[in-house]
Amino acid sequence: MKKILEELLLNAIECLTADGVLNSDITPQITIERTRDAQHGDYASNIALTLAKAAKTNPRELATKIVSALKAHEAIIKVELAGPGFINFFINPNLQFQVIQQIHTQGAAYGLSQIGAGKKVQVEFVSANPTGPLHVGHGRGAAYGSAVADLLAATGFDVHREYYVNDAGRQMDILATSVWLRYLEVCGEDLVFPSNGYRGDYVRTIAQEIYDNDSNEYRRPIELVLENITPDEPQGGDKDLHIDALINRAKTLLGSSQYRDFFQIGLNSILDDIKVDLSEFGVDYQEWFSERKLMDDGSVEKALTRLREGDHLYERDGATWFASSQLGDEKDRVVIRENGQYTYFASDIAYHMNKLDRGFDQIIDIWGADHHGYIPRVKAAIQALGADTSKLTVLLVQFAVLYRGEERVQMSTRSGDFVTLRELRDEVGKDAARFFYVMRRSEQHMDFDLKLATSKSNENPVFYVQYAHARVCSVLRQLTEKGFERNTAQGMEHLNRLTEEHETALLGTLARYPEVIERAALQYEPHQVVLYLRDLSHEFHTYYNAHQFLVEDGCIRDARLNLICAIQQVLANGLSILNINAPEAM
């Protein structure tokens, strides 16, 4: 219906332009919205208000001319002016029944569109350091990122889902050294584990597997390991200097080949676990992009060369700096340290250059909210590389906070005291976890209520929606048990028998579904789908409690069955986009 109204308004504006009422250089941006009050019609447009200044006329006078130029259409029974120049459309009520036929015909395709056809979009999300298992904080980014990607795909975009693997740099060295120190413990060496090492049980598990395969091959005397090592923080030293000294000692005593073994075994073990974890959570990627690849193939140096040629780099205090403050950042950033090593930011510049070079029309980065300050420097880098910064969209996700009763659960990968995403999934299930994670705007704070997520009650939002779908399935099973036969064609012929207030409301809600999907996709807001599904479920449950479906009157029975089957289909479609099951029984 919105498309019909848009075409009618465009045609009216073309007529006014041809008559000289409007200038030919005016480009109309037509917006059609559903009205909040049925007294003001079904749809409204503010087109006259947006064009009035360019047309150098009063908005209401322009609205009057637009309405006069509108062609008659069977879908519209009345057009009215409101306020300073709004145009309100009243739709033929008989057309409301067409949505049931449309849903019946299109099935799983109902709500899909091609508004993004021909546009390539890269969505990078989660991208947690492979230094430990994913915890419940990462789960929200996973659920949100995958829902955004699936919404874009549902609206015709060519979506490339990507995970950026931070497999280079200091954190990976800390992991490799942590695994080696735990391995030495397994070998029988007695040591005090560094306060800045990775302390989770998963590190012990990896170390034990290495020992089981290679016995004492990598063992070195602890006295040699700790000889002249900078003291740790508990001993009055600096924890960062201490762990860095241990990293250098590990590299020296093991040699490059054996150290690389620990590095790679730790990386592969954790990354494989992350891949399985995300896949079981319903999140899959087209590509796992390696940061180390950027180092090895010269991409980082290539990116910095491009910046240097654009006079965006300079030397100071032995380091190389990117003059990002000249491009909107709060200060300049180091890209090469005094010791000649690239910074994380240098790799990020190269990674975004790689994205741009791959020809994506839109690049979407989904980051934790704590990375908000990182946005200006990445935008500055894109501008310095000669690209359009509007190609990059950064979406921020607040980490979900898990509570057990009144006690907040700490989630630190370094200390090892955290609840993994897998543990959460095992406790509440994939469906509840994904649904809860996308119930609110991604940038809003979220407390994850474990008790609510596992309850089988109407207060549990995912249960409430899934139960609506299962209830329709139950009605269809009862149909056979009561000896009735469903005549779908007859039901379509008698849809005008659906005159109850609940039925009229449901027809309007079903018709809104395609609009909700398009809007949620373009605004990157999957919570809009959740809100819609909850509204539809509420209207259905209310309808279910107020009316009988399997009545003796076959015409009303079949009409109502066609309506609730349409509801069932839309619930299934919406849940599918969120990658949540639509059960037939609960």
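Modeller: I begin with D329, which is buried at a relative accessible area of 6%; buried means under 20% relative accessible area, exposed means over 50%, and partly exposed lies in between, with a 1.4 Å probe and protein chains only. This is a predicted model, in which local features need pLDDT of at least 70 and side-chain atom pairs count only at pLDDT 80 or more, whereas totals for chains, interfaces and linings use all residues. Residues are numbered from 1 along each chain as its sequence is written, and side-chain values use heavy atoms, with hydrogens and water left out.

The side chain of D329 meets that of R333 in a salt bridge at 2.7 Å, N to O, where a salt bridge is a side-chain nitrogen of Lys or Arg within 4 Å of a carboxyl oxygen of Asp or Glu. R333 is buried as well, with a relative accessible area of 9%. R333 also forms a salt bridge with E330, the closest N and O atoms being 3.6 Å apart, but E330 is exposed, at 68% relative accessible area.

Strand β9 (residues 319-322) pairs with β10 in the antiparallel sense over 3 bridges; two strands pair if DSSP finds at least two bridges between them, and strands are DSSP runs of E with at least two residues, while helices are runs of H or I with at least four, numbered from the N terminus. These strands lie in an open sheet of 3 strands, in the order β8-β9-β10, with antiparallel pairing. Its edge strands, each pairing on one side only, are β8 (313-316) and β10 (333-336). Neighbouring strands of this sheet are turned by 45° against each other on average, direction ignored, with axes being lines fitted to C-alpha atoms, for helices over the stretch in contact, and angles running from 0 to 180 degrees between N-to-C directions.

For the nonpolar interior, a core is a set of buried Ala, Val, Leu, Ile, Met, Phe, Trp, Tyr and Cys residues joined through side-chain atoms within 4.5 Å. The largest such core has 126 residues, and L424 and F448 are among those with the most contacts inside it. Helix α9 (residues 239-280) gives the most to this core, with 15 residues. Leaving aside neighbours within four places in sequence, L424 is in contact (heavy atoms within 4.5 Å) with residues including V136, L402, Y437 and F448. A second, separate core of 33 residues includes F289, M353, V394 and L396.

Finally, the structure holds 0 disulfides, a disulfide being a pair of cysteine sulfur atoms within 2.5 Å. C473 is in none, the nearest cysteine sulfur, that of C565, being 8.6 Å away, and C473 counts as buried at 8% relative accessibility. The sulfur of C555 is too far for a bond, because the closest cysteine sulfur, in C565, is 17 Å away.
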